Amino acid sequence: MAESSTTTKIRRKEDASLLSGRGRYADDLPVPVGTLYAHVVRSPHAHADIVRIDARRALAHDGVWAVLTGEDVRKLSDPFLAAVKTPVQQWSLAVERVRYVGEPAALVVAESRYVAEDAAELVEIEYAPLPAVIDPVAACAKSAPLLHPQAGTNEVSVREFRYGDTAAAFARADRRIAMTTTFPRLSFTPIECYVVVARHNAAGGSYDVTANFQGPFSMHPVMARALRVKGPKLRLRIPPDSGGSFGIKLSVFPYIVLMALAARVTGRPVKWVEDRIEHLVAASSGPNRVTQIEAALTNDGCVLALRLDQLEDYGAFLRAPMPGPLYRMQGAVTGAYDIAHVDVINRVVLTNKMPASLIRGFGGPQLYLALERLMQRIAVELDLDPLEVIRRNLIAGEKFPYRAAAGALYDSGDYARAVEIATGDGRLDELKRRRAAARAQGRRYGIGFAAIVEPAMSNMGYLSTLMSKEAREKAGPKSGAVSMATVNIDPLGAVTVTADVTVQGQSHETVLAQIVAKALGLRPDDVEVVLEMDTAKDQWSIAAGTYSSRFASGTAVAAHMAAVQMREKLKAIAAKQLNVLPADVELSGGKIRSRSNPDNALPFGRVAATSHWSPGLLPESMAPALSETAAWTPQELEPPSRDDRINTSLTYGFVFDMCGVEIDPVSYQVRVDRYVSMHDAGRILNVTIAGGQIRGSFAQGVAAALYEEFAYNEEGAFLTGTFADYLVPTVSEIPEVEILHYESPSPLTPLGAKGLAEGNCMSTPACIANAIADALGVADVTLPATPRRIHALLERAGATGKR
C-alpha cells in the first residue's frame, strides 16, 4: 500500500480533436440521402386517458410523411421487457393513457425538423384528466390513484432481506437511534441530448440505428424484442464522441425503438434530435428515495446492527434495467463499516413522474445519505465526536479481503489509515479552528464527514436478487460480468485497439493506449484506439457499455490481457529470427530484442510484419495475422446465494470526505469553505485523468447537495423545465477540492485498479448535509439545501437570528 505513489501523467489523446472543435458527435455525422426528421408530441398532463387522436390536419400539412400514435406502435411492436414481472406495460409511445408530463403521445415525421414541429401543433389529442400521485409514500396508500390499474397497486415490488441475527443484536443493544432521509430526484444534464438516426431494411426485415446510447448492452435484446426481430437484425452503431452522459443516455432506448418504427412506416431513414426542454421534462432522472434507517448501538457508539426500509420512486414505469439503483448497492449496504447484522426492505413504487433510471452514483448517493447522516446523528445523541464514531465502526485493515454481511467481497483497503492521512497535516485542526473562530463571532459554521465504499464493475446477476430464491432457481443462475478488448497489428506494424466501451468523455482512448503501449514496449502515441461501437462487427456482450465504473476493473484489464497475448506472440515470432528462446525476448523502445544481448534486436514493425508478409516464417502451429481478443470474466462475481447474499461488484474503493461549511445569515446560502476528499481506488492508471474524474463527480455531488432537483406540484405539473428553474451550478459555484490518494491495489484484477469516477457523487451530498446539520444544530436536513430550505429549518427551530 502506498500514499499517492502514482505519478503517471500522459497528455490526453482525445484533446487534439475535442479542444479544436473537431469531435464527431451523433448530430455531426452524415445521414443518408432522403432522411426524414421526427418531432415528438408530448403529454401536457401528469395522468390522463387518451380519448382520441386526430392527425388528419397534420398529415395534410405539406412535407409530412407520417404521424404515429400509440395504436400504431402497439400493432408494430411489443412492450418493453422489465426486470420485475408485473402487468405494467410500456411501449415507445403512450397507449390509451399518459402517466407523466412529457410522455410521448404521438410522433410526427416530415421532410425537415421545422415542418415536423409546425405539423405537431396540428395534431389534436383529447385527454380525460385523472388524479395524479407524486409523493412516493402517498402512492403506497390503498386509496392512491393507480397508475396501472391492472397491477392493482403502485408498490410493484417489495422484498425483505435478513442478514445475520438482527433481532438479537437489537435486543442486546444499549441504545437505538433511528431517522428518515429523503434523497431528491435529480439528473446530471449532459451538454449533448439524445440523437437517433434509424433505417429499416424492408428486404431483410432489419434495422440499422445510430444513437448516442451508452449501455449497458443488456438493453439490446430488450430493444430487439420490442421490434419483434432477432438480435442480429438490430444493428446499433455508437458515434466516436459523446457530449457526456452520466448515466442518462441509457434511457435513449425507447426512442431508438420509436425511430426504428418510424423508419419502417415511412420507408425512409428517420432522424430525431432531442432539445433541451424535452430532455429536462422527459429524458430520465435518478430515482428519489425515502429511507427509514435504525441502528442498534453500544453506549460507546459501536453499531451492532442496522435496519433499513428503502422506498424508491421510479416514476411512471419501471424500465429495464431498473430497479438497478436499489439493488446495485445491496451487497454493500453496510458501507465502510464492520456491521454483522442488517435487515433490509426494498420497495419499488410508481408515481406520475418521468421514469427514473441510472445516473452517476447509481444507488450510492441514496444509500449513503441515510447511512452517513445516521452516523452523524449517533454522535450527536451519544455526545461523541462524529469522526470517532466513524473510526470505531470502520472495517479494520487486517480483515481484508472482507465479506460484508449482505455478501459484498471488499477486495482491499486500510480505511483507518486513509482517514488518518486525510485528517492529518493539520487539515482537521484547521477546520476546527475555522469553526471555533466563526462561532465566536456568532456565525453558523459546521464540519461534516462521510466514509463510503465505491463499487466498480457490476455483477450482472445483482438484479436477480429482487427475485425469490425459488424464482431464481426456476429461471437459472445469473452472475458475472464480461469485458472485451482486441489488439490488432497491421502489415506495417501499426497497433490498433478496440474495446467494449462507449465514449462519454472519460479518456478511455488515452488509458487504453497507455496500457497497450506499456505491454508492447511502445509509446502511447504509437497506439491508435477506435471506440466507435458497431454491434454487427465489434466484440460486445450484454455487459458492454460505459456504466458502474466498469472501465478500470474490467475493460482496461481485457485490453491488458489482449496486449500481453500479443506480446507473447511477437516474442515467439522474434525468437526464431533472433535465434534465441522466447523467454529471452523483450519488447522495449519500439524494438524487440534479446534480453541477454540487447544489441541483438529488430524493429517492432519488422517483426510484426512477418505475420502478414511471410507467414511461412512463423513458429509451427501459429496462426497468421496479428489480432488478439481477450475477455475478462472474474470468478468472484457469483450468483446470489440461497440466503440472498450477493457480491454486487468486483472491486470496492474507499472515499473519505470532510468539509467545513458556513451559512450566510442574510441570504441563507451554504458556502463550502473547505473540502478534502481522500480516495483509495487501488492502483491509479493515470493520475491526471483520475483527478479530472474526481473533480467532475465532486461538482455533481455539490449540485445534488445544494442546487439540483426535479420538482413537481401536487397535480404532477413539472416545475423545473428550464435552466432558470433547474439550477445547474457553474464553475463559479463549485468550490475547490483537495484530492488525496491512498493506494491499496486490488488483488482481484491484474492491474490492481478500482473505479473512482462516481465516489464523490455518493459521498459529497452526505458530507455537506452533515456539515449543515452541525452548523445549524438540527436533526433533519433536506437536500438540496437551498436558501429557502435553510431558512425554513431555522424558522422551525425558532432561531432565525445569528448563532
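How many nonpolar, polar and charged residues make up the lining of the second largest pocket? In this predicted model, the lining of that pocket has 26 nonpolar, 10 polar and five charged residues. The space lying in the second largest pocket comes to about 1200 Å³, and of the 41 residues that line the pocket, Ala82, Ala83, Val84, Ala320 and Leu463 are the closest to its centre. Two or more residues of the lining are given by each of the elements β8 (155–163) and α7 (219–226), and it is α7 that gives the most, with four residues.

Attention then turns to pairs of charged side chains. Side chains of opposite charge can pair when their charged atoms come close. The structure holds 58 salt bridges, and one of them is formed where the side chains of lysine 399 and aspartate 338 meet, at 2.4 Å from N to O. Because lysine 399 lies in the loop between α12 (386–393) and β17 (402–403), while aspartate 338 lies in the loop between α10 (324–327) and β16 (341–349), the pair ties together parts that are 61 residues apart in sequence. Lysine 399 is partly exposed, with a relative accessible area of 40%, and aspartate 338 is likewise partly exposed, with a value of 28%.

A further salt bridge is found between the side chains of aspartate 644 and arginine 472, with a distance of 3.0 Å from N to O. This pair links distant parts of the chain, since aspartate 644 is placed in the loop between β27 (626–632) and β28 (649–663) and arginine 472 in helix α15 (residues 469–475), 172 residues apart. Residues count as buried when their relative accessible area is under 20%; aspartate 644, with 12%, is therefore buried, and arginine 472, with a relative accessible area of 8%, is buried as well.

Arginine 593 also takes part in a salt bridge, in this case with glutamate 586, and the closest N and O atoms of the two residues are 2.8 Å apart. The relative accessibility of arginine 593 is 24%, and this residue accordingly counts as partly exposed. Elsewhere, salt bridges that share partners join several residues into one network, whose members are Glu430, Arg433, Arg434, Arg443, Glu662, Arg671 and Asp673.

Note on methods
Residues are numbered from 1 along each chain as its sequence is written. This is a predicted model: local features need pLDDT of at least 70, side-chain atom pairs count only at pLDDT 80 or more; totals for chains, interfaces and linings use all residues. Side-chain values use heavy atoms; hydrogens and water are left out. A salt bridge is a side-chain nitrogen of Lys or Arg within 4 Å of a carboxyl oxygen of Asp or Glu. Buried means under 20% relative accessible area, exposed over 50%, partly exposed in between (1.4 Å probe, protein chains only). On a 1 Å grid over the protein atoms alone, a cavity is a set of points where a 1.4 Å probe fits but cannot get out, and a pocket is an open set with protein on both sides within 12 Å along at least five of seven lines; lining residues have an atom within 4 Å of a point. Grid points are joined across faces, edges and corners, and a volume is the space filled by probe spheres set on the points. Ala, Val, Leu, Ile, Met, Phe, Trp, Tyr, Cys and Pro count as nonpolar, Asp, Glu, Lys and Arg as charged, and the others, Gly among them, as polar.
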